[in-house]
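Hi everyone, and thanks for coming.

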Amino acid sequence: LPISSLNMFSACTAPCTESPAVAEMAKVTLTYFNIEAAAEKVRLVFAMTGKEFEDKRVSFEEWGALKPTTPFGQLPIMEITNEDGSKKTIAQSVAMMRWAARKFDTTNSLYPADPDAMLEIEEMLGLSDDLAKAWSPALYMGMGDRHKLYGHPEEMPEKAATVQKLREDFIANDLPKFMGFFTKKLEATGAFFCGDKPTIADLNILAQLRYFTKGVADHVPANCLEPYTVVTAWMDRMHAIPQIKEWYKL
């Protein structure tokens, strides 16, 4: 799904589109499943910068044959084709996100080179990663045989009840803790996580929190973020940015 004609930011933000010279410099193919998840933050950087890319989405059935060809046996992968025809494949989504922001954001606002600005962004990315780690046991316990990664036997009659308890405990305890952290940051800035313009921290966290509003995980109600009005207001601001609004067809 190439992105070729996206509007500039709204008045409260600055455009960060790529220059024609940069556009010609690298062709990008991003390969992932037909879900948001790990690749979405990278897609959002491309959306925000107007960088055209091939959004290649594979089925879970296709993944078995594709897996041995990937650098680390995982998706997403990103193939970069340079102007001279040389290619490289990258396989870590956070690295992709940082690279894309630095390479295609001509306003230097999504991931600034300034060390102090970058420090704030990295702090929020670390907090987002902590939230992901807190959610991971509840998520993976319910996925196939991954319960064995946590020391459980293959045959686990109490698996469904364990998954329910882990997820309900997350919603009751961990989610409020992290929403409190996010709320405090947003109240301090009044706009986005690191100031008056969105950064890759906002893109990363938006992709992360959208998952919890979809009702796709058992025992995680789609309205679980509604009590955290400062956070949901920020999500509304993010969804109102023209490029993001266009990406999600809102």
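Let's start where two helices touch. E40, K41, L44, V45 and M48 in α2 meet I200, L203, N204, L206 and A207 in α7. Sorted by class, the residues of this contact are seven nonpolar, one polar and two charged. Please keep in mind that we are looking at a predicted model.

How do we describe such a pair? Two packed helices are described by the angle between their axes and by the distance between those axes. Helix α2 covers residues 40-49 and helix α7 covers residues 200-212; they pack at an angle of about 130°, with axes 8 Å apart. That makes α2 oblique to α7. The crossing of α2 and α7 is right-handed.

Now to another pair, α5 and α6. At what angle do α5 and α6 pack? The angle is about 170°, and their axes are 8 Å apart. These two helices are therefore roughly antiparallel to each other. The crossing of α5 and α6 is left-handed. On the α5 side, the contact includes E120, M124, L127, L131, W135 and L139, and on the α6 side V163, L166, F170, F178 and F182 are among the residues taking part. By class, the contact of α5 with α6 has 15 nonpolar and six charged residues, and no polar ones.

The largest pocket has a volume of about 1600 Å³. It is lined by 44 residues, and those nearest its centre are Y32, A37, A38, L139 and Y140. Which elements supply at least two residues each of that lining? They are β1, α3, α4, α5, α6 and α7. The largest share comes from α5, with nine residues.

Let me go back to A37, one of the residues nearest the centre of the largest pocket. A37 sits in the loop between β1 and α2. Its phi is positive, about 45°, although A37 is not a glycine.

Where is P76 placed? Look in the loop between α3 and β3. The peptide bond joining L75 and P76 is cis, with omega about 5°.

To take away: α2 is oblique to α7, α5 and α6 are roughly antiparallel, and α5 gives the largest share of the lining of the largest pocket.

Technical notes: Residues are numbered from 1 along each chain as its sequence is written. This is a predicted model: local features need pLDDT of at least 70, side-chain atom pairs count only at pLDDT 80 or more; totals for chains, interfaces and linings use all residues. Side-chain values use heavy atoms; hydrogens and water are left out. Axes are lines fitted to C-alpha atoms, for helices over the stretch in contact, and angles run from 0 to 180 degrees between N-to-C directions. Helices (H or I, at least four residues) and strands (E, at least two) are DSSP runs, numbered from the N terminus. Angles under 35 degrees count as roughly parallel, over 145 as roughly antiparallel, 65 to 115 as roughly perpendicular and the rest as oblique. A crossing is left-handed if the near helix is turned anticlockwise from the far one by less than a right angle, and right-handed if clockwise. Contact means heavy atoms within 4.5 Å. Ala, Val, Leu, Ile, Met, Phe, Trp, Tyr, Cys and Pro count as nonpolar, Asp, Glu, Lys and Arg as charged, and the others, Gly among them, as polar. On a 1 Å grid over the protein atoms alone, a cavity is a set of points where a 1.4 Å probe fits but cannot get out, and a pocket is an open set with protein on both sides within 12 Å along at least five of seven lines; lining residues have an atom within 4 Å of a point. Grid points are joined across faces, edges and corners, and a volume is the space filled by probe spheres set on the points.
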